[in-house]
Amino acid sequence: MTAPRRQLGIKLPTFLPRGWQEFVIERIIWLAGISTILIVALIFFFLIREGLPTFLDIPLRELFGSRWYPTEGHYGLMPLIVGSLVVTVGAVLIAVPLGLLTAIYLGEIAPQWQREILKPLIEILAGIPSIVLGFLGWVTLAPIIQQLGSPTGLTAFTGSLLLAYMALPTVISISEDALYAVPKEYRDSALALGATQWQTTIRVVLPAARSGLVIAVMLGIGRAIGETMAVLLVTGNAANIPEFGVGMFFEPIRTMTATIAAEMGEVAQGTLHYNVLFGIGIVLFMMTFALNSLASRFVGSQTARRRKGQL
Amino acid sequence: MANKIEVRDFSFFYDDFQALHGLNVPIKQHQITALIGPSGCGKSTFLRCLNRMNDTIKNTRAEGEVLLDGKNIYDLDVDVTELRQRVGMVFQRPNPFPQSIYDNVAFGPRVLGMDKNEPLDEIVRQSLMGSGMWDEVRHRLKDSALELNPGQQQRLCIARAIAVKPEVILMDEPCSALDPVATLHVEELMRQLASEYTIVVVTHNMQQAARASHWTGFFWLGRLVEFSETGTLFSSPQDGLTEAYITGRRG
């Protein structure tokens, strides 16, 4: 008895000749691929069209000035840019060390059962809507910071802390993947040379995982700089430039994203103020774009250098 | 001839599975001991017990004694990192770190703080000379170890192992990923190293055991079937199973 031959693959309508089937499938796939590019291009075009008058109608000195009073015709973006930077830098300073250490703990040290508890919890943290974290910051974090001496508790630091916790799951899970990808042979040979667990992690595993760790940090920053709702709630919304120093983390500030979100609803379409809000979008876009290309260049050169072994 | 390592009634378990059954193995000082046997017979497991590399695998358990210079390495007061400095290891696949040739060799001395007593450059030079590759790489110490060919990489791993001045070197099928020429290179190197170090080598290759070792142990299903001088074991094996294996009728 012979078994019936099994039919493999997807069955396509037979009324089309095979050449046509190929053609149609190829076109569908092409369309899927090209649509992403098309949409990015459209977004970019739209952003430029609506935002360009900002850069044409307002002199650059005024635009990068320090006074943001749109109702009185002062469109200085500096307070917003500085605000975004302060919050983001604060968030990164918290999230990166915490995230890397957590990833090292999860990947290298924690016993299996702890890993099985911690990893789903971290994923839940990633799933909390940012506005809910914003609530939490408003209701519980701000009063604590207020008691520490800030008049309202709504400061850049409050925002940084929330953003750090929003970026943490990204930083942790990508760093952990990077550590996991390091071959076991490296660890074995380090241990076999008499290195301790910690020496093995610091001197072999982390350098070998470096490019992945850089990506983790960059994506974490990207998550923080683009976040809107939470920072809108808890950073105090004061468009002024804090004095440079450690103290600037404990001043109320206002970010670019929060400005767009707060003012877009109240501005008349077609006015300069409306255009400037899009202009802010362009600036933000430029910043994240620069960040991303910096990251990919850094990662690229890291890989090249690792191939040459000059880590 | 003194026993560098004396294994007594040694058994090893992965969870409930007993991988090694009451082994008694003498490892002679400054000699090459080869362990042969079919895949899964426990010879690699046994090798990794000699520097406690199996400690890194969860749910494993050892019974019996492994005496290194008369001291049981499974005693509670043994410092495992110090043990591994004394008993080095070379792995099956050449596995240099993705770092420079120099940094690979310097790794062990650095983590053990040996560079406080002796200049690091000198340790690196001597180790690379010891593995017979100083002249090949002396002008490219800053190049990546990954640019070397597999045979060179494996000899670099040997240099890395001897840089920490071990007493015993364990080699887990060190030539199985190498071509015949590179294999002969490494075997030659093993014979040279035997004057200073005690070497235990696991191999699938019986010619290699016959060529390169002084003593040979034959493993079968977690038991040591036969152990004697290499010439004797290959020319007049005492056990029928050994004979069947080395003549290729079992395995």
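## Ground rules

Residues are numbered from 1 along each chain as its sequence is written, while chains are lettered from A and ligands numbered from 1 in the order in which they are written. Because the model is predicted, local features need pLDDT of at least 70 and side-chain atom pairs count only at pLDDT 80 or more, whereas totals for chains, interfaces and linings use all residues.

## Chain A: make-up and confidence

Chain A has 12 helices and 2 strands. Helices (H or I, at least four residues) and strands (E, at least two) are DSSP runs, numbered from the N terminus. Along the sequence the pattern is α-α-β-β-α-α-α-α-α-α-α-α-α-α.

The average pLDDT of chain A is 86. This score is the predictor's confidence in each residue, from 0 to 100. In chain A, 91% of the residues score at least 70. Among its elements, helix H8 (residues 197-208) has the highest mean pLDDT, 93. Helix H12 (residues 272-308) has the lowest, 79. Where pLDDT is low, the predicted coordinates should not be read in detail.

## Chain A: overall shape

The C-alpha trace of chain A spans about 90 × 65 × 40 Å along its principal axes. Its radius of gyration is 25 Å, but a compact globule of 311 residues would have one near 19 Å. That radius is taken over C-alpha atoms, and the globule rule is 2.2 Å times the number of residues to the power 0.38.

Of the 311 residues of chain A, 36% count as buried. A residue is buried if 20 or more other C-beta atoms lie within 10 Å of its own, exposed if 12 or fewer, and partly exposed in between, with C-beta atoms placed from the backbone. Contacts are counted too: two residues are in contact if their C-beta atoms, placed from the backbone, lie within 7 Å. Among contacts in chain A between residues at least 6 apart in sequence, 75% join residues at least 24 apart.

## Where the chains meet

On chain A, 20 residues are in contact with 26 residues of chain B. Helix H7 (184-192), H8 and H12 of chain A each give two or more residues to this side. H7(A) supplies the largest share, 6 residues.

The residues on the side of chain A that touches chain B divide into 8 nonpolar, 6 polar and 6 charged. Here Ala, Val, Leu, Ile, Met, Phe, Trp, Tyr, Cys and Pro count as nonpolar, Asp, Glu, Lys and Arg as charged, and the others, Gly among them, as polar.

## Chain B: overall shape

Chain B has 10 helices and 10 strands. Its C-alpha trace spans about 55 × 45 × 35 Å along the principal axes. The radius of gyration is 18 Å, which agrees with the value near 18 Å for a compact globule of 251 residues.

Of the 251 residues of chain B, 49% count as buried. Among its contacts with a separation of 6 or more, 68% involve residues 24 or more positions apart.

## The six-stranded sheet of chain B

Strands of a sheet pair through backbone hydrogen bonds, either parallel or antiparallel. Two strands pair if DSSP finds at least two bridges between them. One open sheet of chain B has 6 strands in the order S6-S7-S8-S3-S9-S10, with mixed pairing. Strand S6 (87-90) and strand S10 (223-229) stand at the edges, each with a single partner strand, so one side of each is left without a neighbour in the sheet. Neighbouring strands of this sheet are turned by 20° against each other on average, direction ignored. The axes are lines fitted to C-alpha atoms, for helices over the stretch in contact, and angles run from 0 to 180 degrees between N-to-C directions.

Strand S3 (residues 32-36) and strand S9 (residues 215-220) of chain B run parallel, joined by 4 bridges. B:Ala34 stands opposite B:Thr216 in S9(B).

## The four-stranded sheet of chain B

Another open sheet has 4 strands in the order S2-S1-S4-S5 (chain B), with antiparallel pairing. S2 and strand S5 (71-72) are the edge strands, and each pairs on one side only. S1(B) pairs with S2(B) over 8 bridges. B:Glu6 has B:Pro26 in S2(B) as its bridge partner. S1(B) also pairs with strand S4 (residues 60-68) of chain B over 8 bridges. There B:Phe13 stands opposite B:Arg61, and B:Phe12 stands opposite B:Ala62.

S1(B) and S2(B) form a hairpin with 2 residues between them. B:Asp15 in the turn has a positive phi of about 50°. B:Asp15 is exposed, with 9 other C-beta atoms within 10 Å. The C-alpha atoms of B:Asp15 and B:Leu141 are separated by 44 Å.
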